[in-house]
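Take a look at the chain below.

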Amino acid sequence: MFIPATPRRVKLERLAYALAAPALVGIPHWAPGGPADTVIVGAGLAGALGTLLAGKSDAPGRTVMRWSPLSTSLALRIAMETTPEHIASHPGWLLDGALGALWAAAGCLITPLSGSARHQHFPARAIPAPPVPTPRSVLRALEPAVPAAPASSGDPFLDGVRHLWRRAGNPAETVVVKATRHQGTRHDLTMLLMASQQGRPIKGLTHADIAAALGTSEDVVTIKPVGRQEDGRQQGPGWLEVTVTPQAHTRRRAKPTTHEWWADRIGCDRGPIPGSTFVSKTRNEDRGVVYWRARLEDAADEPDVNLRALCKALGIPHADGRVFVTVDGPHVLIAVWDISPLAVVYPATRELLTPGPDGRWILGYLTNGQPARGRVFTDRGAAHGLYVAPSGGGKTQLMALGVCADANYGATVWLATEAPDEKTAALGRHIDRQGTGPLYMVRALRAALALMDIRANMPWADGQCHDWHPQAVGCPYTPLSLYLDEFLSAARDGQYGPEIMDLAEQVSVKGRKYGIGIKVAGQSVYVQDGFTQLLNENLRALSVPVVLNVAPKKIADMFKALGISPENIPEPLPRSFTKADEGRIERIMAGEPEPPVDSNTGGVGWIIESVKPEVMRALYMDFGAGIAHLFPEQIGRLTAHEIAEIDARDLWGDWNRPDEQPDDEDPDDDGTPSPRRRQGRGATGRHLGSAQEALALIKKLEKLS
């Protein structure tokens, strides 16, 4: 038979009644009206008031029973006060004691009955209350239960994984369906997880949950969605594939394969080329270069390359200039050179400087080893040229390569420079005309502009007049290339500068149709420095611009002026491509000076053949050893008809002779302004129709002088 244990609360209440009974009997006699007596009276009044209000409660009987010990104590107090004095001695004391004992016994009996009505609020420990069902548990009870995992699957490894998973409380309410150990390992595995509730997705499963359940670190855990399964199981958000590879992770950190090293150091989210995967690595011993190939998993994306971070990952200082990246859609080619290709000197040869059938010739080499090519014509006619470089940056060398290529193409070459130069003088011995000064430059431009009008009226072999084209047959003249060195300096000349700019702009617009190309070399391409917007646009559209090493702060503005978009503007080049000598700390400790830095950046820059500039190094033409072997034996000249027509316009002869006309337009005797050669800024200049007009003009000039 089961006997329930007495609650502790009941025991304490009975003890209180037993201790209160003597006080209730003695205090009215020993200290009537004192503090203790006042407490007894107040408690009795509270009990009486509670008894009167019991009728308004839900259970009045139980309420009266709870208040009965206090209300009866008030009645007992009144009885003690009314005890007759003649029996207050020995017989009266016995009566008072009997009443107090009766009150205590009644309280001890009533206490369990009153407490039984409060079992819903304070359940007894001996009889635990059943849990109140919640709506969620009720709904789950209505669902079909998933059968529990079998005690043994016949695979000890799977059973062990399931034991660890159940011990962790089935994280995210999942169960292990399958666990496969990786070959050659003890702890690497792949798990197939399923939601324990059928038809529900797996939510809230983290790498930390899996790592804690299997006793490993989070970085070796991989979670993947499950596609169509070979064994016919379902797919979707109710399934997950988890790979845990602690052993492979340890080996990968110690001795990674090339694919693993690339994924961890290069193709990771914060790597130099995020999202890329390794393809191959090859070395060309003859050229001293290692090629790394990679690609993006998403072919629609374009690689985002951080060159500095890439150099750091490869263990090569960025300042060495030995790492170069080429992007072709989703494909990436990284060239790592033993020696920077920009520090190598490429000697110029006749073969390299001879244009091919497509009009292209090699003016240098790109960082990936490909040739950088210029051109002598385009599909729209003669090609122009634009060479930009700071002083000492190799601009004259670059221009000399173009002069030689045009000469080898069979073109007539004129070279006009703003100031005398040793190299341009050497070039002058192998071309048609060469001179210096703004006056020489403006005379060359006048002749070129007149030549456009002359060639427009020269009949071809078929008797018709045509625009020049490189593949055309029966052309009566050869192409003309006009080189203008330090063009902006000459364009700032106070006397001839405006005409130089005006004539150059006209040649850039129309010259291509008559086989006349203008090649401008200077230190800037800014409109505010003297270029007109039209001249800049024509040169950029009909040439392959080359910009040699310029100051870092000018790079953004320089390429913006050349129409390069901001995302394609290149980074500045280093000040030197020579590898720094080791032992700097030892030299500092010994107080020795640093070795001189070889500033070998001359001829290094960018060629703009497409939308993105490519870094290149130009060929080197050794003027000290002689350049005659680079030029053809026969110099290209104008035809006799062209020379005669130019001479008839008084635009031929010695372009170095002093200008015989005054600066101001002095009036003749009859008050009309005298004719000046510089007034002829149109296509034909001043045309002298006969010898008599020429003689009259000479006499007039003699009077003015």
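Is Glu285 buried or exposed? Glu285 is exposed, because its relative accessible area is 58%, and the cut-off for exposed is over 50%. Keep in mind that this is a predicted model. Glu285 has a partner in Arg283. The two form a salt bridge, and their closest N and O atoms are 2.9 Å apart. Arg283 is partly exposed, with a relative accessible area of 39%. Arg283, Glu285 and Asp338 are joined in a network of salt bridges.

How many salt bridges are there by this rule? The count comes to 13. Another of them brings together the side chains of Arg360 and Glu609, at 2.6 Å from N to O. Arg360 lies in strand β9, residues 360-366, while Glu609 sits in the loop between β19 (604-607) and β20 (614-618), so this pair ties together parts that are 249 residues apart in sequence. Glu609 counts as partly exposed, at 42% relative accessibility.

A further salt bridge joins Arg649 and Glu645. Here the closest N and O atoms are 3.0 Å apart. The two partners differ in cover. Arg649 is buried, because its relative accessible area is 8% and buried means under 20%. Glu645 counts as partly exposed, at 28% relative accessibility.

Now turn to the aromatic rings. A pair of them is described by the distance of the centres and the angle of the planes. By this rule, the chain has 13 aromatic pairs. Trp261 and Trp262 form one, with ring centres 6.5 Å apart and planes at 70°, so the pair is edge-to-face. Trp262 is buried, at 1% relative accessibility. Ring pairs also link Trp261, Trp262, Phe278 and Trp292 into a cluster.

What kind of pair do the rings of Tyr440 and Trp655 make? Their centres are 5.5 Å apart and their planes stand at 70°, so this pair is edge-to-face. It links distant parts of the chain. Tyr440 belongs to helix α13, residues 438-456, and Trp655 to the loop between α19 (640-648) and α20 (691-704), 215 residues apart. Both Tyr440 and Trp655 are buried.

Glu505 is part of helix α15, residues 497-510. Its side chain makes a polar contact of 2.7 Å with the side chain of Thr532. Leaving aside residues up to four places away in sequence, Glu505 touches Thr532, Leu534, Leu535 and Asn538.

Step back to the whole chain. There are 20 helices and 20 strands. Of the 705 residues, 40% are buried. Among contacts between residues at least 6 apart in sequence, 63% join residues at least 24 apart. The chain exposes about 38,900 Å², and carbon and sulfur atoms supply 56% of that area.

How confident is the predictor? The mean pLDDT is 80, and 79% of the residues reach 70 or more. Some stretches fall below that. Over residues 85-90, pLDDT stays under 50, and the model has 3 contacts there beyond four places in sequence. Residues 116-127 also stay under 50, with 4 such contacts.

Key. Residues are numbered from 1 along each chain as its sequence is written. Side-chain values use heavy atoms; hydrogens and water are left out. Helices (H or I, at least four residues) and strands (E, at least two) are DSSP runs, numbered from the N terminus. Buried means under 20% relative accessible area, exposed over 50%, partly exposed in between (1.4 Å probe, protein chains only). Contact means heavy atoms within 4.5 Å. Accessible areas come from the Shrake-Rupley method with a 1.4 Å probe; for residues, only the protein chains shown count as cover. A polar contact is a pair of N or O atoms within 3.5 Å; within protein, one must be able to donate a hydrogen and the other to accept it, and residues adjacent in sequence count only if both atoms are side-chain atoms. pLDDT is the predictor's confidence in each residue, from 0 to 100. A salt bridge is a side-chain nitrogen of Lys or Arg within 4 Å of a carboxyl oxygen of Asp or Glu. Rings of Phe, Tyr and Trp (its six-membered ring) pair if their centres lie within 6.5 Å; planes under 30 degrees apart count as stacked, over 60 as edge-to-face and the rest as tilted.
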